[in-house]
Amino acid sequence: MSGNLDLLNSTLAAAREENRAALIAYLPAGFPDVDTGIEAVKAAFEGGADVVEVGLPHSDPVLDGPVIQTADDIALRGGVRIADVMRTVREAHAATGKPVLVMTYWNPIDRYGVERFTAELAEAGGAGCILPDLPVEESGLWREHAEKHGLATVFVVAPSSKDARLATITAAGSGFVYAASLMGVTGTRASVGEQAADLVRRTRATTDLPVCVGLGVSDPAQAAEVAGFADGVIVGSAFVKRMLDAADDTAAVAAVRELAGDLARGVRGTA
């Protein structure tokens, strides 16, 4: 069974045709438990997200700040497994028909088996993977199996990336390019900053892939700012914080839906 790379591509293209950036939400699987996590992903789509990244909880998430680390810890203590991540992708995609990616560090895939992971993700209806710590030079095996199964390979670029390095990374990727808006870890920021706009400009000079910006976007005004220069706006910590602050699981899911709606209006310039 083929994955949903084509669905991801068409979704991002449709946003571009509407003259707006896509809204990409991030939520960890298994947080606060598997069932509620699935409902949260559905709620993000219901609120207006175009794409959702499902995080595979990791004990040492080097790109992630304290908010997502807290959620990962809760999920891991709850016993979340890769099978639960696949179930989250499957049920969220089946319920919405929208593109769902997995964001994961390399070690869990390596231990699980690349062929097994890509085959199961495609079977679940997944659109691909974001792999923040997989060097392009070591990605051949992954890309071979991802391409075979119709899955996107999304690499992360940073403000520190030189132009030649950007070209190397973007040439190997598919789906879109994840542009980290600043040096550091995920988390809400008072300002996204000029670094992000410069990085998008330099990245676009190397590729026709959409360039989507993450790290630091937390409210509709910031979403609108980033939407002014990027093809997609990626929001993670703000969603997770809303869930952590909610009184109960029902309120947590409702908070995700509400924030997605606010951010969707931001990327459309109607906030």
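Helices here are DSSP runs of H or I with at least four residues and strands are runs of E with at least two, both numbered from the N terminus. The model is predicted: local features need pLDDT of at least 70, side-chain atom pairs count only at pLDDT 80 or more, and totals for chains, interfaces and linings use all residues. Residues are numbered from 1 along each chain as its sequence is written, and side-chain values use heavy atoms, with hydrogens and water left out.

**Exercise 1. Place Thr104 in the fold and list its contacts.**

Step 1. Thr104 sits in the loop that runs between β3 (100–103) and α5.

Step 2. Buried means under 20% relative accessible area, exposed over 50%, and partly exposed in between (1.4 Å probe, protein chains only). Thr104 has a relative accessibility of 1%, so Thr104 counts as buried.

Step 3. Contact means heavy atoms within 4.5 Å. With neighbours within four places in sequence left aside, Thr104 touches Leu56, Ile109, Cys129, Ile130, Leu131, Pro132 and Asp133.

**Exercise 2. Describe the aromatic pairs that involve Trp142.**

Step 1. Rings of Phe, Tyr and Trp (its six-membered ring) pair if their centres lie within 6.5 Å; planes under 30 degrees apart count as stacked, over 60 as edge-to-face and the rest as tilted.

Step 2. Trp106 and Trp142 are 6.2 Å apart centre to centre with 90 degrees between the planes, an edge-to-face pair. The pair joins distant parts of the chain, with Trp106 in helix α5 and Trp142 in helix α7 (residues 140–148), 36 residues apart. Trp106 and Trp142 are both buried.

Step 3. For Phe117 and Trp142 the ring centres are 6.3 Å apart and the planes stand at 55 degrees, so this pair is tilted. Phe117 belongs to helix α6 (residues 114–123) and Trp142 to helix α7, 25 residues apart. Phe117 is buried because its relative accessible area is 0%.

Step 4. One aromatic cluster is formed by Trp106, Tyr112, Phe117 and Trp142.

**Exercise 3. Characterise the largest pocket by volume and lining.**

Step 1. A pocket is an open set of points on a 1 Å grid over the protein atoms alone, where a 1.4 Å probe fits, with protein on both sides within 12 Å along at least five of seven lines; lining residues have an atom within 4 Å of a point. Grid points are joined across faces, edges and corners, and a volume is the space filled by probe spheres set on the points.

Step 2. The volume of the largest pocket is about 310 Å³.

Step 3. Its lining has 13 residues, with Leu56, Pro57, Ile82, Pro108 and Arg111 nearest the centre. Helices α4 (82–96) and α5 (106–112) each supply at least two lining residues, and α5 gives the most, with 4 residues.

Step 4. Ala, Val, Leu, Ile, Met, Phe, Trp, Tyr, Cys and Pro count as nonpolar, Asp, Glu, Lys and Arg as charged, and the others, Gly among them, as polar. On this basis the lining has 8 nonpolar, 3 polar and 2 charged residues.
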